[in-house]
Amino acid sequence: MVIDVFLALGLVVLAWQALIGGSLFRGIVMFIVFGMVLTLAWAWLGSPDLAMAEAAIGAGVTGALIMIAYWRLRRINAVEPRDPSPARSRLALVIAVLATGLVGAIGLAAVSALTGDATAARVMNETLPDTGLGNPITGVLIVFRNLDTLLEVAVVLAAYIAARAALGRESADLPLPPAPDTPLLTPLVVTLAPLTMVVAIYLLKAGSQYPGGAFQASALLAALGVLLVLTGRVGPAAAANWLTRAGLVIGTLVFCLVGLGMLVIGAPLLAIPGIWAVYLIEAAMMISIGLTLVLLFAGAPGLSGKRS
Amino acid sequence: MSLLLDAFAALLLLIGAFFYLAGTVGLIRFPDALSRLHALTKADNIGLLSICAGSALMAGELRVALLLLLIWLMALFAATVSAHLIARRSLRDAEDSGADAGKSPS
């Protein structure tokens, strides 16, 4: 109970600090700390899947993306970016009240669903063994509610295309921090790169029975990509080659092909024929999401082997 | 024997917590980047080692102990490189601003 209160209060204070902070940099740091405390909160509530996703995507990759955006803003404008403080208007108050009411209503619904007759959860728990999956989260994401997941992957792709369109062609010249020249970087990269790949693939495979899955694995791959970009092993390229394009769409494509293929053999749309299809879809999703995040970090349409 | 093991595990956890506390106090109270790093790396190394060793004793399984050892080694590696990079950067900033090496703005 003490830890519950401590985590809840800490999250509110950190969120407040991230928004109100005197400088933009301070706000970013508070946002990353917020993500870490949120990770602890999910772990404390017994949701290791969400904790891993929050640590890897929320605090890790998003933190890196915001940090590089801040660095570029300073570099391009050569001034401290102005902190857009939240406007203290009456509208903000109305939105705050509405948002609080919405969160409260969802919380109330969730609590009452726990005590009431949770039909969907019961049916899922009964049918989960038939799918060969042991992790109910993966079951919901890939088998039971996979239209939602397909749309999520499509949204990632659409968001990337929108970001590319907004950045334009000259974005390949976006500055990146110079790679630090220190003899420690090579041992770091040669140790972490294979290790990260092994852990990512393990997470993907373990996700069928234990906490893990495509989103966590893709965030790990994205973290590796960020490391490679920052250490100069991989650099931005002015155009995307076919491999990059294929990697970006493979998640949505494989998901759609499996889902539509079911119609051909007479099964319902988006039915999952077996555990191999779960692995196939998740592997494709991992590549697409990971690559999208790295390309956003590099701020370029493509990647090249070595940074000049 | 079990009681003795538990007591030893608890002692290790307390030692770890103490090093983390000391490292945090150092991070907040020390005046410049290099001495802050000095305080923080102690927490990273010995603090995490003590907590991992205490947790391994409490788990009482070789597999868990080896995993915890791996976690400690990876954290140590990452902390070493990042501390090295921060120290280099703070030295370079200090040289650029013409101040004494080690007394850098943080």
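Biologist: Is Leu45(A) buried or exposed?
Modeller: Leu45(A) is exposed, because its relative accessibility is 55% and the cut-off for exposed is over 50%. Keep in mind that this is a predicted model.
Biologist: OK, and where is Leu45(A) found?
Modeller: Look in the loop between helix H2 (24-44) and helix H3 (48-77) of chain A.
Biologist: Which residues form the nonpolar patch on the surface?
Modeller: Leu45(A) is in that patch, along with Val2(A), Ile3(A) and Trp44(A). Together they have about 430 Å² of accessible area.
Biologist: Switching topic: what about the second largest pocket, how much space lies in there?
Modeller: About 460 Å³.
Biologist: And which elements give two or more residues to its lining?
Modeller: Three helices of chain A do that: H9 (214-230), H10 (242-264) and H11 (275-298).
Biologist: How many residues line that pocket, and which lie nearest its centre?
Modeller: The lining has 15 residues, and Leu221(A), Gly225(A), Leu291(A), Val294(A) and Leu303(A) lie nearest the centre.
Biologist: What does the lining look like by class?
Modeller: Ten residues are nonpolar and five are polar, with no charged ones.
Biologist: Where is Leu270(A), and is it buried or exposed?
Modeller: Leu270(A) sits in the loop between H10 and H11 of chain A. It counts as buried because its relative accessible area is 11%, and buried means under 20%.

Key:
Residues are numbered from 1 along each chain as its sequence is written. Chains are lettered from A and ligands numbered from 1 in the order in which they are written. This is a predicted model: local features need pLDDT of at least 70, side-chain atom pairs count only at pLDDT 80 or more; totals for chains, interfaces and linings use all residues. Side-chain values use heavy atoms; hydrogens and water are left out. On a 1 Å grid over the protein atoms alone, a cavity is a set of points where a 1.4 Å probe fits but cannot get out, and a pocket is an open set with protein on both sides within 12 Å along at least five of seven lines; lining residues have an atom within 4 Å of a point. Grid points are joined across faces, edges and corners, and a volume is the space filled by probe spheres set on the points. Helices (H or I, at least four residues) and strands (E, at least two) are DSSP runs, numbered from the N terminus. Ala, Val, Leu, Ile, Met, Phe, Trp, Tyr, Cys and Pro count as nonpolar, Asp, Glu, Lys and Arg as charged, and the others, Gly among them, as polar. Patches are made of residues with over 30% relative accessible area and no salt bridge: like charges are joined within 9 Å, nonpolar side chains (Val, Leu, Ile, Met, Phe, Trp, Tyr) within 5 Å. Accessible areas come from the Shrake-Rupley method with a 1.4 Å probe; for residues, only the protein chains shown count as cover. A salt bridge is a side-chain nitrogen of Lys or Arg within 4 Å of a carboxyl oxygen of Asp or Glu. Buried means under 20% relative accessible area, exposed over 50%, partly exposed in between (1.4 Å probe, protein chains only).
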